[in-house]
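Here is a short tour of one protein chain.

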Amino acid sequence: MRRVFLHSSLLRSRRPSHHITLPLPLRMSSSYDGPWTARKVREEFFNYFRSKDHTFVPSSSTVPYDDPTLLFANAGMNQYKSIFLGTVDPNSERGKLKRAFNSQKCIRAGGKHNDLEDVGKDSYHHTFFEMLGNWSFGDYFKKEAIEFSWDLLTNVYGLPKDRLYVTYYAGDPQNGIPTDEEAKQHWLSQGISPDHVIASKGNFWEMGATGPCGPCRCVSPMSYFTPLIFLSEIHFDRIGGRNAAHLVDGDDPNVLEIWNNVFIQFNRDDDGSLKPLPSRHVDTGMGFERLVSVLQNKLSNYDTDVFSPIFTRIQELTGARPYSGKFGNDDVDGIDTAYRVVADHVRTLSFALSDGGVPNNVGRGYVLRRILRRGSRYVRKKLGAPIGSFFSSLMPVVVETMGDAFPELTKKQGDIKEILDEEEESFSRTLDRGEKLFDQYATRTKDLGVNELNGADVWRLYDTYGFPVDLTRLMAAELRLGINEKEFEDAQEHSKLASKGSFKKDKADLVKLDVHDLAALEKNDAIPKTDDSFKFQLGNVTATVKGIYYHKEFISSSSGIPADANFGVLLDRTSFYAEAGGQEYDTGNIVIDGATDFEVTNVQAYNGYVLHTGSLKYGQLSVDDEVISSYDELRRWPLRSNHTATHILNFCLREVLGDHIDQKGSLVAPTKLRFDFSHKAQISLPELAKIESMSIDWIRKNVKVYGKDLDLKTAHKISGLRAVFGEAYPDPVRVVVLGYDVDEVAKDIDNPKWRSTSVEFCGGTHVAKTGDIKDFVITEESGIAKGIRRIVAVRLEQLESTEGKEKDTGLKVLSVELGQADISVLLKAELKDRLATLRKSLDKQLKEKENAINKAAVNALVTFFEEKPDSEVYFAILEVDGNAKILQNVVMQGKKLCKTVYVFSVDAEGGKVAHANYVSESARSRGLDARTWASKVSDILGGKAGGKEDGAQGVGVNVAQVEEALKVARVTFSSKYN
């Protein structure tokens, strides 16, 4: 028997209460075209709480830079920590906040709150999700919160009341905690059937022996101040036509929790007694994706239009079969699971990276790297598509569908794409090889009749091929295998100890070729000079071992070399960059898949022979072995950027200080660049600022970087060429030019226009275009010898070429990261001073910009009345980002001219409209009251307004209605003059 609930379009089915199979009519269907699109669900939530005098507070960043206790923001209340703690400045905007609402961006991956390994397996786990929430800070409490939630769910969203169940705390007399009768009675007063109002022992939470508290069941990020919390949950029965009270809180997928009302009301004293807090607070959270699934009549969050556009794009990119919504054993080919994983992960990565997160080997950065590599493996293995730029191709659909609600996504697309491509490309070079090796390990495990992979092999997959352990664990689970955790931990510990020893050996006992070794090599036809041209290309190269050097002699095999000992390897060709021209060496691995891993920790070139120094992690090497030369791209990337930045700096020094500038030395490291040059005097601050500014301009130009070998004699004649005096260059020599193809330069070497760009002899690695460098900051200028100056610079990638609020955010992010950086105290102090200077400069820029905008706005009013002196009134929508101060200045200018004024300004990012008016004496005599006038405008814009008879101001929230509000203001004024 089926009944259709028309106004919510929700289908009910009668089934036995113990039967939890998903009803067929609600299984995955085509894309949603009903009334409750995801966008509308969010908008109606916003509209409802705006109508209840709540202030919209934009979601905080998913990367909580100001809270070291969290990997990622995982709940909506994180940003209100200072209010709950009572540490907020009462005079600040946040301190004056009484009611708030938003949709918070949340990530639960890594740390205590980790859903990563569950994503894809079921219909509701996500690493990224939205949390719709409303808050009261010492304002309303249980009565209003319960009324709001019931009213919104039943009267706005139209959910059937007989399918909703609510819980309240049942109390714990033994511990002196009372039943939450207050919440119970408020629910009953909504007209809910008593058997749908359920006492729960779980609806209470306390984080410590003493501190603030209330009734709650879910884990809260309020561990900062040990709260005692009461919580009242709202559950929805997807099936209907039954009493599902016994299934509430029973992990039934068809009776799901959709909203939490958290009440913070008690403090537990040292004697164990509970005392009401002076200010009681409300913190609610409703899972957006889950709510959308209910309103769209879908049993899975992934079947809604939150995910369907992403699925469509995945199919377009991969050519895979369409998504069919299958789970577990029903998903025979694993493609539906892959759809869910990839769609979830691209959302997480897009938001985390737009908020300044960067994949790396530490903390939240490693979580992001794991997410990207896990998703990439599903793309390659299950969806059959190549990786390298897949996620950056998928990311635009996330921006398109969510950029209106979260505009920060739209501002960072270029950065997100670059980071995704860099990380994905790096992993793509080891994925296929790692999977083949995994297959070998798995086959061997099964042949041995055991059900656990050897832990040392699992560590090898991570250490050599970049496979996060949870990814290997997932791959093993697909074959119904486990992992020997003890062996894994032992291998990990051994590797750490070996790395420490290797570092010490590299510093004290670097393997070197001397003049006698080189003489022997010149006579040995079996060991040719190394072809290192592949260092200018991306990716790995297959090579052959030509020589093994240990204890001052060349040997044929490493079998006699002690474990963990350093030795050298010569290849016929290599992708590694040997230290030269100031650029540090590459690191990486020389590998025979499944057999040998030689960790390269240093690379030096000796008269054309490239010696790779390092030690064996496992296996052996012999002459004539075929190996894979694999440099570490994540180390090479910043080296490239800093080397090109050094060329730019060299050019700018010559432009600002003169042609006498000659390079005397340089260092290109992953973390900084250092440049020594001839100049007799200290560089003045204005000159230094000009050099830095000019360097940043070159980065912003984003010109291509060209490199090619030319005949040395010809190359020396190029106009504007920079070369190191006394340096012996090879013939042919590599020429690196910014903005012009080397072939074009070679055809017209005397052309003076080459003088306007950087042209250098250089055998180093460089970025493809100068924009890849991002930002550039000079941190030190000093003298190191008579007539020799030194400049040290770093790249501030987070700041790029940004302005205003975006640069402000970047400075805050970098300040936090600098505080946590493991670098020299002196260097850290220098950088902090530099950031302080940037902050001061930015504040000055913002102030100057505000003054200029203010002047233009006031002048526009003056000009208007100069051109129309008989006009009585001035209306305008000003482009001042909702700056109320500027609006007041315009109004005051109108007052000086005895003219009536009404002006508006939209703050799109904050979701607000500021408006202000002044009513002249003439207009007041006709009955126009500023307060009434502003009230009529507020009826359109929402929010509040107030003031006096001759002037009023307000802030509205209906940004899209500003033109209509202006129209109402005009009509109201005209009605007094007709």
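A residue is called buried when its relative accessible area is under 20%, and exposed when that area is over 50%. The model is predicted. By that cut-off, 55% of the chain's 978 residues count as buried.

**The chain as a whole**

The secondary structure comprises 25 helices and 34 strands. The chain exposes about 42100 Å². Carbon and sulfur atoms supply 49% of that area. Take the contacts in the chain with a separation of 6 or more: residues 24 or more positions apart account for 70% of them.

**Two helix pairs**

Helix α3 covers residues 142–156, and helix α4 covers residues 181–188. Their axes come within 9 Å and cross at roughly 40 degrees. That angle makes α3 oblique to α4. The crossing is right-handed. On the α3 side, the contact uses Lys142, Lys143, Ile146, Ser149 and Trp150. On the α4 side, Glu182, Ala183, His186 and Trp187 meet them. By class, the residues of this contact are four nonpolar, two polar and three charged.

Another pair is α24 (residues 930–941) with α25 (residues 962–975). Here the axes are 9 Å apart, and the packing angle is about 155 degrees. Angles over 145 degrees count as roughly antiparallel, so α24 and α25 are roughly antiparallel to each other. Their crossing is right-handed. Helix α24 brings Trp933, Lys936, Val937, Ile940 and Leu941 to the contact. Helix α25 brings Val962, Glu964, Ala965, Val968, Ala969, Thr972 and Phe973. Nine of the residues in the contact of α24 with α25 are nonpolar, one is polar and two are charged.

Is helix α13 largely enclosed or largely open? It is largely enclosed by the rest of the structure, because seven of its ten residues are buried. Helix α13 runs over residues 469–478. Its buried residues are Val469, Asp470, Leu471, Thr472, Leu474, Met475 and Ala476.

Just after α13 comes Arg480, with a positive phi. Arg480 lies in the loop between α13 and β14 (482–483). Arg480 counts as exposed, because its relative accessibility is 74%.

**Backbone angles in loops**

Most residues other than glycine have a negative phi, and most peptide bonds are trans.

Asp624 sits in the loop between β20 (609–618) and β21 (626–631).

A cis peptide bond joins Asp731 and Pro732. Its omega is about 5 degrees. Pro732 is in the loop between β25 (721–722) and β26 (733–738).

**A buried serine**

Where is Ser308 found? Ser308 is in helix α6, which spans residues 308–318. Ser308 has a relative accessible area of 15%, so this serine is buried. Along the chain, Ser308 and Tyr323 are 15 residues apart. Their C-alpha atoms are separated by 8.9 Å.

Technical notes. Residues are numbered from 1 along each chain as its sequence is written. This is a predicted model: local features need pLDDT of at least 70, side-chain atom pairs count only at pLDDT 80 or more; totals for chains, interfaces and linings use all residues. Side-chain values use heavy atoms; hydrogens and water are left out. Axes are lines fitted to C-alpha atoms, for helices over the stretch in contact, and angles run from 0 to 180 degrees between N-to-C directions. Helices (H or I, at least four residues) and strands (E, at least two) are DSSP runs, numbered from the N terminus. Angles under 35 degrees count as roughly parallel, over 145 as roughly antiparallel, 65 to 115 as roughly perpendicular and the rest as oblique. A crossing is left-handed if the near helix is turned anticlockwise from the far one by less than a right angle, and right-handed if clockwise. Contact means heavy atoms within 4.5 Å. Ala, Val, Leu, Ile, Met, Phe, Trp, Tyr, Cys and Pro count as nonpolar, Asp, Glu, Lys and Arg as charged, and the others, Gly among them, as polar. Buried means under 20% relative accessible area, exposed over 50%, partly exposed in between (1.4 Å probe, protein chains only). Accessible areas come from the Shrake-Rupley method with a 1.4 Å probe; for residues, only the protein chains shown count as cover.
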